[in-house]
Amino acid sequence: MIKGFTRKYKPLDILSEEEEEAIHRGALYVLEKTGMRVEHERALKLFADNDCLVDFDERRVRIPPGLVEECLRKCPSSFVLKARNPDQDLMVGGNTVYFMQGMGMRYVDLDTWETRPATAAEHREAMIVADALENVHLADGIFFYMERQGVPPVMVMLENLASGLRYSTKAEQFGYQKDCEIFAIQMAEALGINLNPELDTASPLTIYGGAAEAAFRYVEAGIPIQPCSSMTMGAEGPVTLAGAMTLGVSMVMAWAVLTQLIKPGAPMSIQHGLKPMDMQRGSPRFGAAEYALTGAMMNQMLRRYQIPSCPGSGFTSTSKKIDYQTGYEKSMGALLSALSGGNLLIFQGGSCAELLYHPVLSILDDDVAGWIGRYLEGVTITDETLAIDLINEVGPIPGHYLNTEHTRNWWRKELFQPKVADLEAYPVWIRSGKQDALALAKQRMEKILTSHKPQSLTPSQEQAIEDILKDARVYYRSKGLISEEDWTTYMKTLDNSA
Amino acid sequence: MQDIILESLSRAIKDYDKAAAVRWVTAAADNQIDPLRVMESLTAAIREVGDAFGAGECFLPELVSAADAMQAALPIVEEQLRSIGAKRESIGKVVAGTVAGDIHNIGKSMLCTLLVADGFEVVDLGTDVPVERFVEAVRDHEPDILAMSALLTITASEQKLVIEALQAAGLRQIVKVIVGGGAISEEFANKIGADGYSPTAPGGVRLCRKLAG
């Protein structure tokens, strides 16, 4: 199991007990009075069979508070995400903090900062880098490079999952869309892993059929799910942080009820993203301070319910480049997510809202993750670390500590060493070509790609994945979701990348 | 009296006051004010708010609220127009929706609002709209423009299916098709045979003006 980072002190609580209670009761009231729109017949029947008030014409379900609280209690406080390499399993929950590979739909050219669909080789290289990075604990081959050259959109998630499984042995994130979960479950079963699929809620108060159907499929297959409670505040939810939180918590509660009615004790984490809207442009402000605040509030509410939390704050920036804005928006968001009790932080590699991903950024972000992890681990206080005898022994100047056994024993444990930060003295920096962190990260990427060899799938595993992909291709082609023109291009792309 | 009513109607739009907009447009009807003049007042008021938005003097919450107030008043004045055998003068008619499998509403709703503020007649089909509903809506409403939104790469291909279905139904020639959303690029729009693409809602309005003109 990957240990990840342990937050060794109390989390940052920003709500008082009374404020927490007000949000909790408000959310219960919303679910009982207004309820959720659920566009899924089987889910509606399940709610109706369990004492919810269901209007089948309006597709509306009103949930009694007692049922909500019972189902919240049934959600496990932690669960295991199984990796291809069992040494890399994750135990999600409690005060453990893991970092997850970030997302961004397109590849970005680091000279022009223009984006374009990625090639299979670029996806593979990004996965190899993610596999090598010590602070990427959960891989996410799916949600970066959702635009792939020569791959029909309907096959991208499965091709990305296959690439993720081939080039990383870490546990994998997933999603759902147009039945692709059927094939993803088959892949997971073939490799003896589970996935961590995220399922959308449409705010306000709506679960569409695709997400509900995927929930049934995953929960019944024993796979933990990660429903999302997301909105742009002022558009898809109230603009006040308290109102947005009340709406967000009511959607969390609705998912807890659905999940626990499908299978009591089924594991679930919540991904959340309550961010303000740019009132001029209409787009979400991913780097906003308020996003970090709602992230902290939701982390606190999820701790109350003992449901593992996956905060979105810090996962991306609106900057189009790998620059100062990307650095501060992502770092501050992630740091506050970690301090306030997030368990799975979506992080390394993405920027430009959700548009770009680059492995060089994942390398830079990995240093930030290490920095945050060091902060979380806090301070060890023992006789040895207090070093009182040593302080007395060394005494005043000319005494120093560089030559002591204590320094040799402890410095690596106590001090975090970033891999690609510019730490050089100024004259050395001038002589060595004025290299900044971005340049150093590019060099580290080259080094990783020449030296890191992820453990391959066994021949039988590879065959199983390829067979499942073939079935999926036939399935989507027969459903008319891959045109003949796209099919021809797709087949050529596969031949060229083989 | 007429001037007071029309001025109050205009003020109601600019104050985002739906109830007052309905009240004053009803008063205009009761006082037999020419519905064409009422419509002019409404249009001038919403355009003023739209211009302020364009100049960065007001923001989306104000613009959307003003457009909502206008839409609350519109049915009453349209009924009046019909009764005298006249029609609302609009720049054009747009049917808009987010494609099947895609639940993202805001971008499409912004476009609809900005189009209304610009003088277009808009039919909003909502989100997660299946191919057949787009085709039916084009058949029923005979719009100048069909606008489709998709935020996800995987749902973007639905736009292509809609265009193919319009062709199969013999409706492609009567309507211009535009596409937008996070997953859409100009290259993709060209590839699926759309007539236009815009990455933003204000750009979508400019595109609609160009295509409807």
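1. Chain B is divided into domain 1 (2-83) and domain 2 (93-212), with bounds from an automatic or database domain assignment. This is a predicted model: local features need pLDDT of at least 70, side-chain atom pairs count only at pLDDT 80 or more, and totals for chains, interfaces and linings use all residues. Residues are numbered from 1 along each chain as its sequence is written, while chains are lettered from A and ligands numbered from 1 in the order in which they are written.

2. The C-alpha centres of domain 1 and domain 2 of chain B lie 27 Å apart. Ten residues from domain 1 of chain B and six residues from domain 2 of chain B make the contact (C-beta atoms, placed from the backbone, within 7 Å).

3. On the domain 1 side of chain B, α3 (35-54) and α4 (60-83) each give two or more residues. Helices are DSSP runs of H or I, at least four residues, and strands are runs of E, at least two, numbered from the N terminus. The largest share, six residues, comes from α4(B).

4. An open sheet of five strands in chain B has the order β2-β1-β3-β4-β5, with parallel pairing (at least two DSSP bridges between two strands). β2 (121-124) and β5 (196-197) of chain B are at the edges with a single partner strand each, so one side of each lacks a neighbour in the sheet.

5. Strands β1 (residues 93-98) and β3 (residues 145-149) of chain B run parallel, joined by five bridges. Thr98(B) has Ser149(B) as its bridge partner in β3(B).

Definitions and conventions
Two residues are in contact if their C-beta atoms, placed from the backbone, lie within 7 Å.
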